[in-house]
Amino acid sequence: MAAINLICKDEPGVLRDITGVVARHGGNIQYTQQFIIERGVHREKVSVCMEVDNIEDMDALVADLNSLEAMFDVMTYPSFKEVFGSRVIIIGGGAQVAQVAMGAVNEADRHNIRGEKISVDTIPLVGEDAVADAINAIARLPRAAILVLAGALMGGRITEEVKKLRESGIPVVALNMAGSVPDAADLVVSDPIQAGTFAVMHVAKTAVFDINKLTKRRF
């Protein structure tokens, strides 16, 4: 897997031209993201990040991409999975998110020093719609591996989005809270630090913990 970052003009047809070059080299695009750069020497230009498989001659691909009229620069990097690995997502009330994150980061550190790559993403949110919208977006996040919900009360739309997320294959850990979310989650944990620890252990390849094999759902 090769990761490519392209700096190019902000104009119609650029993405078409880039993907055409990749296709001519037999590349299979596994991931792509593009955005307008808002700061620095490339301000108001476009950054296109791609992760491409099946490229036999990377130097030739880079040369052909650089030859495009709209192109300013082409750089290659390790893939995001190689750099950041699997992602543990933590959403909910600020103080409880911090406690879950403490457990997750401490546990991730134990595995990452053995060569794994596990990163922890947190966003403190309040309000049913804000939390539900964030959960809905997780299935579209690259490398998202598990969600931990931290709060005192969650239900309604949040519960419905939890069910959808689990159907997409991403497990959900919830703190022991009021509302219907605990009944919809894969695992319910009272201690927020332990919840973060369990989440990372489930993701880690160097651990033997698997939420799907537990006979008990509440701790």
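Biologist: Which residues of helix α1 (residues 14-24) are buried?
Modeller: Val14, Ile18, Val21 and Val22 are. Buried means under 20% relative accessible area, exposed over 50%, and partly exposed in between, with a 1.4 Å probe and protein chains only. Helices (H or I, at least four residues) and strands (E, at least two) are DSSP runs, numbered from the N terminus.

Biologist: What should I know about the source?
Modeller: This is a predicted model, where local features need pLDDT of at least 70 and side-chain atom pairs count only at pLDDT 80 or more, while totals for chains, interfaces and linings use all residues. Residues are numbered from 1 along each chain as its sequence is written, and side-chain values use heavy atoms, with hydrogens and water left out.

Biologist: What do the buried residues of α1 pack against?
Modeller: Strands β1 (2-8), β2, β3 and β4 (71-77), plus helix α2. Contact means heavy atoms within 4.5 Å. Just after α1, Gly26 takes a positive phi of about 80°.

Biologist: Which other residues have a positive phi, glycine aside?
Modeller: Glu44 has phi near 75°, and Asn54 has phi near 70°. Most residues other than glycine have a negative phi.

Biologist: Where do Glu44 and Asn54 sit?
Modeller: Glu44 is in the loop between β2 (28-36) and β3. It is exposed, at 54% relative accessibility. Asn54 is in the loop between β3 and α2 (58-66). It is partly exposed, at 48%.

Biologist: New topic. How many residues are in the largest nonpolar core?
Modeller: It has 45. Ile91, Ile135, Leu147, Leu149 and Ile158 have the most contacts inside it. The largest share, six residues, comes from strand β7 (residues 144-150). A second, separate core of 18 residues includes Ile18, Val48, Val52 and Leu65.

Biologist: What counts as a nonpolar core?
Modeller: A set of buried Ala, Val, Leu, Ile, Met, Phe, Trp, Tyr and Cys residues joined through side-chain atoms within 4.5 Å.

Biologist: Which residues of helix α5 are buried?
Modeller: In α5 (residues 128-138), Val131, Ala132, Ala134, Ile135 and Ile138. Their arc is 160°, so they line one face of the helix. What covers them includes β5 (86-92), β7 and α6 (157-167). Ile158 touches Val131, Ala132 and Ile135, among others.

Biologist: How many salt bridges are there?
Modeller: The count is 11. A salt bridge is a side-chain nitrogen of Lys or Arg within 4 Å of a carboxyl oxygen of Asp or Glu.

Biologist: Which residues does Arg157 pair with?
Modeller: Asp129, with the closest N and O atoms 3.1 Å apart, and Glu161, at 3.8 Å. Asp129 is in helix α5 and Arg157 in helix α6, 28 residues apart. Glu161 and Arg157 both lie in α6, four residues apart, about one turn.

Biologist: Is Glu161 buried or exposed?
Modeller: Buried, at 6% relative accessibility. Arg157 is partly exposed at 31%, and Asp129 is partly exposed at 46%. Asp129, Asp133, Arg157, Glu161 and Lys164 are linked in a network of salt bridges.

Biologist: What about Glu51 and its nearest opposite charge?
Modeller: Glu51 is buried yet has no salt bridge. The nearest side chain of opposite charge is Arg143, 5.8 Å away. Lys and Arg count as positive and Asp and Glu as negative; His and the chain ends are not counted.

Biologist: What lies 2.8 Å from a polar atom of the Glu51 side chain?
Modeller: The backbone nitrogen of Phe80. A polar contact is a pair of N or O atoms within 3.5 Å; within protein, one must be able to donate a hydrogen and the other to accept it, and residues adjacent in sequence count only if both atoms are side-chain atoms. Glu51 is in strand β3 (residues 46-53).

Biologist: And where is Asn5?
Modeller: In strand β1. Asn5 is buried, at 14% relative accessible area. A polar atom of its side chain lies 3.3 Å from the backbone oxygen of Val48.

How values were computed:
Arc of directions from axis to C-beta. Lists of a residue's contacts leave out its neighbours within four places in sequence.
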